[in-house]
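Here's a quick tour for anyone meeting this structure for the first time. Have a look at the sequence and the model, then read on.

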There are 2 protein chains.
Amino acid sequence: MWVLNAEVLSVSIYSATMVSGRLLLSMALLILCGCQGTHSGNVLVFPGEYSHWLNMRVILEELVERNHSVTVLVCSASPTVNYTKPEDFSFKVYNVPFERHDWESLQEDFLNFWIYEAQNASMLQVGLKIREVLGSMTALQLSMCDAMFHNKELMDTLRQWEFDAVLSDPMMPCSDLMADALDVPLIVSLRFSFGMAMERHCGQIPAPPSFVPAPPLTYTDQMSFFERVHNFVTYMIHSSFFSIHCLQNMDKYYSGIKGRPTTLCEIMGKADIWLIRTYWDFEYPRPFLPNFKFVGGLHCKPAKPLSKAMEEFVQSSGDDGIVVFSLGSMIKNLTKERGNTIATALGQIPQKVLWRYSGEKPETLAPNTRVYEWIPQNDLLGHPKTKAFVTHGGTNGLYESIYHGVPMVGIPLFADQPDNIMHMKNKGAAVMVDFNKMTSKDIVDGLNSVINDPSYKASMMRLSRIHHDQPMKPLDTAVFWIEFVMRNKGAKHLRVEAHNLSWYQYHCLDVAAALLTIVALVIVVSIKTCIFCFLKCCKKTKSRQKTE
Amino acid sequence: MWVLNAEVLSVSIYSATMVSGRLLLSMALLILCGCQGTHSGNVLVFPGEYSHWLNMRVILEELVERNHSVTVLVCSASPTVNYTKPEDFSFKVYNVPFERHDWESLQEDFLNFWIYEAQNASMLQVGLKIREVLGSMTALQLSMCDAMFHNKELMDTLRQWEFDAVLSDPMMPCSDLMADALDVPLIVSLRFSFGMAMERHCGQIPAPPSFVPAPPLTYTDQMSFFERVHNFVTYMIHSSFFSIHCLQNMDKYYSGIKGRPTTLCEIMGKADIWLIRTYWDFEYPRPFLPNFKFVGGLHCKPAKPLSKAMEEFVQSSGDDGIVVFSLGSMIKNLTKERGNTIATALGQIPQKVLWRYSGEKPETLAPNTRVYEWIPQNDLLGHPKTKAFVTHGGTNGLYESIYHGVPMVGIPLFADQPDNIMHMKNKGAAVMVDFNKMTSKDIVDGLNSVINDPSYKASMMRLSRIHHDQPMKPLDTAVFWIEFVMRNKGAKHLRVEAHNLSWYQYHCLDVAAALLTIVALVIVVSIKTCIFCFLKCCKKTKSRQKTE
C-alpha cells in the first residue's frame, strides 16, 4: 500500500515532460503527492506516562491528521492516559493485576524521598531506596509484560490488525518485544536513559567520554581532566548497572517470551528509528547515527490567545510584564515551608506572576501572584509580556521556553531536570536554584538576573533562532520518519553494522591484539637472529684468535 | 542583514493571532518568508575541477536563483572552469605562473600511467610514480596559494567585497586559509579523501575501523577478521601519509601565511559545514557529526526531452531498449585494442547503444551503436527505454543512475571510481568489469546480467526509492546550510569539542592511564599491607614461640 513505484513515477514524469513540459510534470507530481497523502498507515502506540504522554500525543494527532490509523495500547492502571475520553485515535486497553493507585503511590513515594529526604540521607540509604523502588518498578513492568504476552485474545487481536509500525516510549516495558512478536518495524521516542546506557548499548550511538558528558552529570562538552575522569567512570558505572539490570531481569524475560536466548538490547537494537526529544539548540554537538533523529520541541506551537480574565491580569502588569511559574504536573503539593518561601519571593518582584499550583494556598501569597490549578503554559510563554519562566526543567516546558525565547529560573527536582537546567545554565539562558536550600532571596535574585541582565534573554534568543532555523519542523521530521518506516517496511539502510559486532570487535581489540602479536613476534625473531649472528661472529673470532 | 529577529516574529505572530486568527498569522509568516527570500548573501566560491565543478555549479545556479551574489575565484590556468563564458555568477580570475596545459598534462600523464601501466608495474614503480605526481601536484597547488596570498590587489579586493561565506572544494588548495584570512565562515564540499584522512583528522568524524571501510578499500560494512585487520592498517597508513604530507608541505605554508605555528587541520577544522556528496542510498550506515550533511545527487533532475534525431534512434530500439555508455569527460582516447574490445561487445547485444566517446572510431563498431562527442547523460538515463548504464563510476553519473533507477555495468578507472562501483556491486545494483583485463565477452555478460536478471533492476530501484524518499531534496539541503551559515555567521553549535582535544585526550588514554595507575597503586598498597601484616603476625608468633 505504501510502496512508491519509482519506475512508474519515472515513466510518468518523462511522458509528462515530453508532452507539454512543466504543467503536466507538476500535475504528475501532484497526483503522486495526493496518492501518498491518501494512503494511510496503521500505527500501534505504546505511550509514555506523565509529560512523555503529552509529547507523544502531539505526534499521534499529527498522524491522525495525515489519515493514519492510530491505536494506543494502554494498561488499565495508566496514571496519565485517559482512555475513557474520546479521541481521534483509538485505545486498546489491557487489564493488569494492579491499580492506578499502586503505580501513582510508587511514583509519589520515590518523588517525595528524592525531593525532601535524599539530600539528608546517607549514600547507603539513597542506594537502598533506589534499589527498592527499581525493584518494585521492574516487578510492575514485568507484570505489565505478562498481562500482554499471556493474554491470547489481545495478542490475536493485535496480530489481526496488521500494523505497519510500532511507535513506543521505552518507558513502556516490552514494547520492542511486542514489535518483534508482531513482526512490525519499531520507532522509539526518548529523551535519554541514565548514562545514555540504552542508546549506547542497544542503539550503538557512539559517546566518547572525552567530550560527551554522561547524563545526569551536569558537565558541558568542555571538561577538565578530573571532570573527564568522573565522566569516564560514570559511563562505566551506568554501563555496568544497565548490563546487570538487563541480565537479571529483562534478558531472562525476553528469552522466555522469544523461546530462545536473547537480550533486551538485541530486540530493542532492531529499532529502525530513534526519535530523540532534543536538538542542537539544547545538546552539545556529538557524534550520532543515521537512524537517530533529533526532534526536540516537536510539541511547540505559536501561542493562542488567553482567556479574557487571564489576559486582563497579564495586561495589568504594565511594562514590568509577567513571570510564569510551574513545577510541572507531578508536583501537586509542597511543604508549607517551601510554599511560603516561594510565595514570599514572588511577592517581592514588580512583575505579575501566574503560578500553576494545585496544593494548599501559601499564607504569604502576595497580591501580584495568582495561583491556578492549570495554566495554558505554551500560550503564556508565547505572550509578549512574559519576562521569565520559573520551572522544574521538564523537557516539554524547557522547549516551549526555547521556542518562545523566554529565559528561565530552574528549580530542578529529579530525573532529567537537573541535566536540562544545567544545559540552559551553561548556555547562558538560565539561573539554577536548589529546591531544598533556596531562600526567598535566591529566587528573587534569580528572577532579577534573568529579567534585568540582557545576556540571559540574548542567549535564549540565540537558542530560539537555532531551534526555528531548521530544514524541517521537528514534528514534521518525526512524522516523516514514522511514515518512511511504514512506506518502506523499516529503515534498515540507516542501521549500523555495529549491532552485529561484539564489544571487543567494535573497538578493534582483536585486531590490535593480532597486530601487536605480529609486531612482538617480528621483534623477538629479529633480536634472536641478531643474537644468533652476533654469537656466531664471536665464536668465529674466538676460534680464529685461538688458531692464531 | 541575515539575522532573524525572533522576538519581533514572536510578537507579530502573537498580535496576528489575537486579532483575527489564522489569516493574519499566515500573512505574518508570508511576510517573514518574503523578507528572508529577498535578503541576499555574498558567497565566494573555490570550485573543484572536472566533474567536481559540474556538481558545484548546480549549487551556484541555485544560490543565484535565490538572489545570492556568487563570485567564483578561479586561477588563469583552470582546465575546466570556463571563465570567459558569461554566467549568472561572476568570476574573479587570478594569474598563476603556469599554463592550463601544464595542469592538464600532469593529470593526463598520471591517468595514462594509472590506467594502462600501473597494472604491470611493480609496487616500487607505482609508489615512485605516485610520489612524483604528488610532488608536482603539491608544487602546483602551493604556487596557486602563492598567487593568491602574495597578490595584494586580489586580497584587498576580496576583503572589500565582504563575503558572507566561502564555499570550497578542498581540491582547491588554501581555500580554508582564504576563509580564515577573510574571517568568513567556511563550507566545504567533498566526496571523500583517501582513507577519509581529511574528514577524520580535520573534520573529527569518527570512523571505527571495525565497520566503516576506509576508501579506496572496496569492503562493505560487514568485514571478516582479516578484512578488519586490512582496514585498520589502511587507516593507519593513510593517517600517517596524510600527517607527513601536511607536516612537510601544508602546515609549514599555512604557518607562514598566518605568521604563527598552525596546521592545515586547525584551519580546515574551522569549517562550519561539510557537504558530503553521497547519501545513505550509497553509503554504508556509519557514525557522523551534526555539521556533516549528506547531499549526494544534488545535481540530479528529471529527464528533459531528447533531440529529435536522438529520440528517433532511441525509439528504434523497440522493446529491447537502449544502453548508455560513458567513461566520463576525462577519458578522451582509448587504445585501439580497448576501443575495439568495447565496440565488438556492444555489437553483440540486442539493445541500441549511445556511446559518449571523442576518440578515434573503432573499426569493429556495429550498426546498433552510435558514438557521440557528448550525450545528455541525465536525460538518457531518465528515458523509459534505458535498460543499463555502462560507466567508469564517477559520482555524478552514479547518482544519475540511482536517481533514475538504472542498473550499471561499472568499468572503474581511478580515484573514487573503484570504491563507487564496489558500493553499487555490493548493493546488488551493478556488475564490475576490469578495464585492462576485460574481454568483449565480459562486457556482454555484464550487460546481459544487469538487463535480464531482474534482481539488479530491483536493487537499483530500492536505492532509488531511498534516494527520493528524503525529508528534503539534496540540493535544498545543501543550499539551506549555506544560507544558514550566512544568516547566522557560522554554525558553531554543530561543531564538536573534539577539535580542541589531543588524540590521547579524545581516546581517553590520559584518563585510562590515571585510572590504571590508581588501580595499580591500590593493588600494590593492599599487597604491601597484607605482606606487612603477615610478617608482623609471623614475627609475633615466632617471638611468642621463642618466649615459650
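Does Lys540(A) count as buried or exposed, and what is its relative accessibility? Lys540(A) counts as exposed because its relative accessibility is 52%, and the cut-off for that label is over 50%. Keep in mind that this is a predicted model. Below are some spots to look at, starting with the surface.

**Surface patches on chain A**

- To find Lys540(A), go to helix H20 of chain A, which covers residues 509-547.
- There's a nonpolar surface patch to see as well, built from Val519(A), Ile523(A), Ile527(A), Ile531(A), Phe534(A) and Leu535(A). Taken together, these residues have about 580 Å² of accessible area.
- Val519(A), one of the residues in that nonpolar patch, sits in helix H20 of chain A. Val519(A) counts as partly exposed because its relative accessibility is 45%, and that label runs between 20% and 50%.

**A buried threonine in chain B**

- Thr262(B) is in the loop that runs between helix H9 (225-258) and helix H10 (264-268) of chain B.
- With a relative accessible area of 6%, Thr262(B) is buried, since buried means under 20%.
- The side chain of Thr262(B) has a partner, too: it makes a polar contact with the side chain of Glu266(B), at 2.8 Å.

- Some background first: most residues other than glycine have a negative phi, and most peptide bonds are trans.
- In chain A, Pro215(A) and Pro216(A) are joined by a cis peptide bond, with omega at about 15°. Look for Pro216(A) in the loop between helix H8 (197-201) and helix H9 (225-258) of chain A.
- Over in chain B, a cis peptide bond links Pro215(B) to Pro216(B), and omega is about 15°. Pro216(B) lies in the loop between helix H8 (197-201) and H9 of chain B.
- Ala415(A) isn't a glycine, yet its phi is positive, at about 50°. You'll find Ala415(A) in the loop between strand E12 (408-410) and helix H15 (417-426) of chain A, and at 34% relative accessibility it counts as partly exposed.
- Ala415(B) has a positive phi near 50° and is not a glycine either. The place to look for Ala415(B) is the loop between strand E12 (408-410) and helix H15 (417-426) of chain B. Ala415(B) counts as partly exposed, at 34% relative accessibility.

Note on methods
Residues are numbered from 1 along each chain as its sequence is written. Chains are lettered from A and ligands numbered from 1 in the order in which they are written. This is a predicted model: local features need pLDDT of at least 70, side-chain atom pairs count only at pLDDT 80 or more; totals for chains, interfaces and linings use all residues. Side-chain values use heavy atoms; hydrogens and water are left out. Helices (H or I, at least four residues) and strands (E, at least two) are DSSP runs, numbered from the N terminus. Buried means under 20% relative accessible area, exposed over 50%, partly exposed in between (1.4 Å probe, protein chains only). Patches are made of residues with over 30% relative accessible area and no salt bridge: like charges are joined within 9 Å, nonpolar side chains (Val, Leu, Ile, Met, Phe, Trp, Tyr) within 5 Å. Accessible areas come from the Shrake-Rupley method with a 1.4 Å probe; for residues, only the protein chains shown count as cover. A salt bridge is a side-chain nitrogen of Lys or Arg within 4 Å of a carboxyl oxygen of Asp or Glu. A polar contact is a pair of N or O atoms within 3.5 Å; within protein, one must be able to donate a hydrogen and the other to accept it, and residues adjacent in sequence count only if both atoms are side-chain atoms.
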